[in-house]
Amino acid sequence: MDYDMLVIGSGPSGRRAAVQSAKLSKSVLVVDRGRRLGGVSVHTGTIPSKTLRETVLNLSGWRERGFYGRGYRVKQDISVGDLIERLHKTLDHEVEVLQHQFMRNTVKSARAAVKFLGPNRASLTTDTGDYSEVGFAHALIAVGTRPHRPRDVPFDKVRVFDSDEMLELERLPRTLTVIGAGVIGVEYATIFSALDVPVTLVEPRNTILDFVDREIVDDFIHQMRDRGMTIRLGSAIKEIASKPDYAEVTLADGRSIRSEMVLYAAGRTGNVGALGLDAVGIEADSRGRIKVDPQTFRTSAPNIYAAGDVIGFPSLASTSMEQGRVAACHAFGVPLPPPPETFPYGIYAVPEISTVGQSEEQVRESGGAYEVGVARFRETSRGHIMGVNTGLLKLLFSIETRRLLGAHIVGEGATELIHIGQAVINLGGTVDFFVNNTFNYPTLAEAYKIAGLDAWNRMGRA
């Protein structure tokens, strides 16, 4: 059978492309080799890690420790079973919503492995070996990524794990070493730290989260160290060994770290190996990433698109969804306005980090005069009510135009609060918006007014 759009993968970008194509009255087939729809985002990535985070924060009483002390706990003995129970409920709901969305939009789906046979034809092979072929006018590659697993790392799911395997733990570790301080590494490291597990975070580079404003990262590192986490930056890994009673990580400088478990979270690889890309003239790089036109997401094959993690940075579920929608619209000739210049990044660590627009480093490089406004959550009444002792909002304004250039947050609710800054930036708002408008009281969002006033006091009236 022939389809107008063949979508390979049912994660955020594949899902959005499929529904957008269906709403344009096109025939759509979504093929995923996983047992259930949802892709990496639903089953091993975004949703599971965020569900795990929320469960840990609730059961550990982390959010109330500002009032009741660091020894406070809602549940004294938290087990893996406590974490998994909520996880399965959440994942079941996500899959159910996705299936209903496909059904409502007459999107067909199949469970199979896809291989391109030519520019308009692909084979589908099920787990039981059933073989069939489909034709397509357009295709979207949305296969996502898997954890990078170097051969010299002894993954055994007993002492040494990758980030997917962390969802299959049989017990909580007494001590944990996390290798790789990217988004996934810092999220898991801080989640387990919130469970009072002693955590050592190792990063070969001298800096972490380079796309985030440095002052926000410095505050984040301070908070991690303040609660007892050990952070080793600029520490290359020489060897990882899995012993009967512990795992040992040896660093290039001769130091060694012993812990009950090791999470290796240094990079991910695109799931493109079995797609038969050579049949359509598409090449992937050494990490399985596909190069696309950044405006249309079209690959080197004119009728084949790619979106989501498989095309690399920023590898966010939110941006992946929009990439899938844009690709589908372009494939079927639907014009779209240019996308906003800025979109938010969210890092669901403990505490959260979220950022939109330019960092102070980028503003400084641009050469324009600027001013900074800062508010700390402990300065707000809502912060006192919640017992929040930490948290920082930083706003950057152009002195010449008074416009907001960037908003950066570390602390409770950062990924929700950032959207105020996003709206003001994309609508061309200025420092005067924050000064002249009324915010609900008491709220953490009031920090925007405090930060706006902080900058305004030095900038003066327009």
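**Briefing: a binding-site annotation and some backbone details**

Glu 187 touches Ser 49, Lys 50, Ile 347, Tyr 348 and Ala 349, leaving aside residues up to four places away in sequence. This is a predicted model. The points below cover the annotated site and then the backbone.

**Annotated binding site**
- The UniProt entry, which is unreviewed, carries a "binding site" annotation.

**Two residues of the site**
- Glu 187 sits in helix H6. Its relative accessible area is 5%, so Glu 187 counts as buried.
- Gly 182 lies in the loop between strand S9 (176–179) and helix H6 (183–194). Its relative accessible area is 28%, so Gly 182 is partly exposed.
- Gly 182 touches Glu 203 and Leu 209, again leaving aside residues up to four places away in sequence.

**Cis peptide bonds**
- Val 350 and Pro 351 are joined by a cis peptide bond, with omega about 10 degrees. Pro 351 lies in the loop between strands S18 (345–347) and S19 (353–357).
- Tyr 441 and Pro 442 are also joined by a cis peptide bond. Here omega is about 0 degrees. Pro 442 is in the loop between helices H12 (431–436) and H13 (447–459).

**Positive phi without glycine**
- Ser 25 is not a glycine, but its phi is positive, about 65 degrees. Ser 25 is in the loop between helix H1 (12–23) and strand S2 (28–32). Ser 25 is exposed, at 67% relative accessible area.
- Asp 196 is not a glycine either, and its phi is about 70 degrees. Asp 196 is in the loop between H6 and strand S10 (199–203). Asp 196 is partly exposed, at 41% relative accessibility.

Note on methods. Residues are numbered from 1 along each chain as its sequence is written. This is a predicted model: local features need pLDDT of at least 70, side-chain atom pairs count only at pLDDT 80 or more; totals for chains, interfaces and linings use all residues. Side-chain values use heavy atoms; hydrogens and water are left out. UniProt positions are given in the numbering used here, feature names are shortened, and annotations may be inferred rather than shown by experiment. Helices (H or I, at least four residues) and strands (E, at least two) are DSSP runs, numbered from the N terminus. Buried means under 20% relative accessible area, exposed over 50%, partly exposed in between (1.4 Å probe, protein chains only). Contact means heavy atoms within 4.5 Å.
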